[in-house]
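Trainee: Could we go through this model together before I plan my afternoon? I'd like to start with the ligands and then move on to whatever else stands out.

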Amino acid sequence: MAYVIAAPCVADYSCVEACPIDCIRPRPDDPDFNSTEQLYIDPTSCIECDACVTVCPVSAVHDAFHLPEVWRDYEAVNADYFQATR
Ligand code: SF4
Ligand code: SF4
């Protein structure tokens, strides 16, 4: 079960640098980086290593199973970002 980035994300990029498999977008060299409201985790690539959770300053990352109910929609929001960019 992949990890999910939810509403508190402030797009500070800490998790991108921590992720060992580079599955968090957008990156600074992506065209939408400056306009994005949050970052997103690719659910088809995430290996559930927990590295992004450890570095996030606002506790925005959760594994999908433990995603707070109020942010349940963010599982689809993360997946949709990668559907739209593929
Ligand atoms: S859990 Fe690991 S692999 Fe998944 S997004 Fe976070 S850092 Fe990357
Ligand atoms: S570390 Fe947390 S706040 Fe920063 S971009 Fe990643 S999810 Fe968003």
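**Around the ligands**

Mentor: Ligand 1 has 14 residues around it, and of these C19, C46, I47, C49 and C52 come nearest. Please keep in mind throughout that this is a predicted model.

Trainee: OK, switching to aromatics. How many aromatic pairs does the structure hold?

Mentor: There are 3 aromatic pairs in the structure. In one of them, the ring centres of Y40 and Y81 lie 4.4 Å apart with the planes at 10°, and because planes under 30 degrees apart count as stacked, this pair is stacked.

Trainee: Where in the chain do Y40 and Y81 sit?

Mentor: Y40 belongs to strand 3, which covers residues 40-41, while Y81 belongs to helix 3, which covers residues 74-85, so the pair links distant parts of the chain, 41 residues apart. Both Y40 and Y81 are buried.

Trainee: Why is the pair of Y81 and F82 described as edge-to-face?

Mentor: The rings of Y81 and F82 have their centres 5.2 Å apart and their planes at 85°, and since an angle over 60 counts as edge-to-face, the pair is put in that class. Y40, Y81 and F82 together form one aromatic cluster.

Trainee: Are Y81 and F82 buried or exposed?

Mentor: Y81 counts as buried because its relative accessibility is 14%, and F82 counts as buried because its relative accessibility is 7%.

Trainee: Let's move to charges. How many salt bridges does the count come to?

Mentor: The count comes to 4 salt bridges. Among them, the side chains of D22 and R25 meet at 3.1 Å, N to O, and the side chains of D30 and R25 meet at 3.7 Å, N to O. D22, R25, R27 and D30 are linked in a network of salt bridges.

Trainee: Are D22, R25 and D30 buried or exposed, or something in between?

Mentor: D22 counts as partly exposed, at 36% relative accessibility. R25 is also partly exposed, at 23%, and D30 is partly exposed with a relative accessible area of 23%.

Trainee: Which residue does R72 meet in a salt bridge?

Mentor: The side chain of R72 meets that of E75 in a salt bridge, at 3.3 Å from N to O. R72 is partly exposed, with a relative accessible area of 27%, and E75 is partly exposed as well, with 36%.

Trainee: Where are A11 and S59 found?

Mentor: A11 is found in the loop between strand 1 (3-5) and helix 1 (14-18), and at 22% relative accessibility A11 counts as partly exposed. S59 lies in the loop between helix 2 (51-55) and strand 4 (61-63), and S59 is exposed, with a relative accessible area of 52%.

Trainee: Last one, about T54: where does it lie, and how many Å separate T54 from H66?

Mentor: T54 lies in helix 2, and T54 is exposed, with a relative accessible area of 62%. From C-alpha to C-alpha, T54 and H66 are 15 Å apart in space, and they are 12 residues apart in sequence.

Key:
Residues numbered from 1 in each chain as written. Chains lettered and ligands numbered in written order. Predicted model: local features only at pLDDT ≥ 70, side-chain atom pairs only at ≥ 80, totals over all residues. Heavy atoms only, no water. Phe/Tyr/Trp six-rings, centres within 6.5 Å; stacked < 30°, edge-to-face > 60°. Helix = DSSP H or I, 4+ residues; strand = E, 2+ residues; numbered from the N terminus. Buried < 20%, exposed > 50% of the residue type's maximum accessible area, 1.4 Å probe, protein only. Near = heavy atom within 4 Å.
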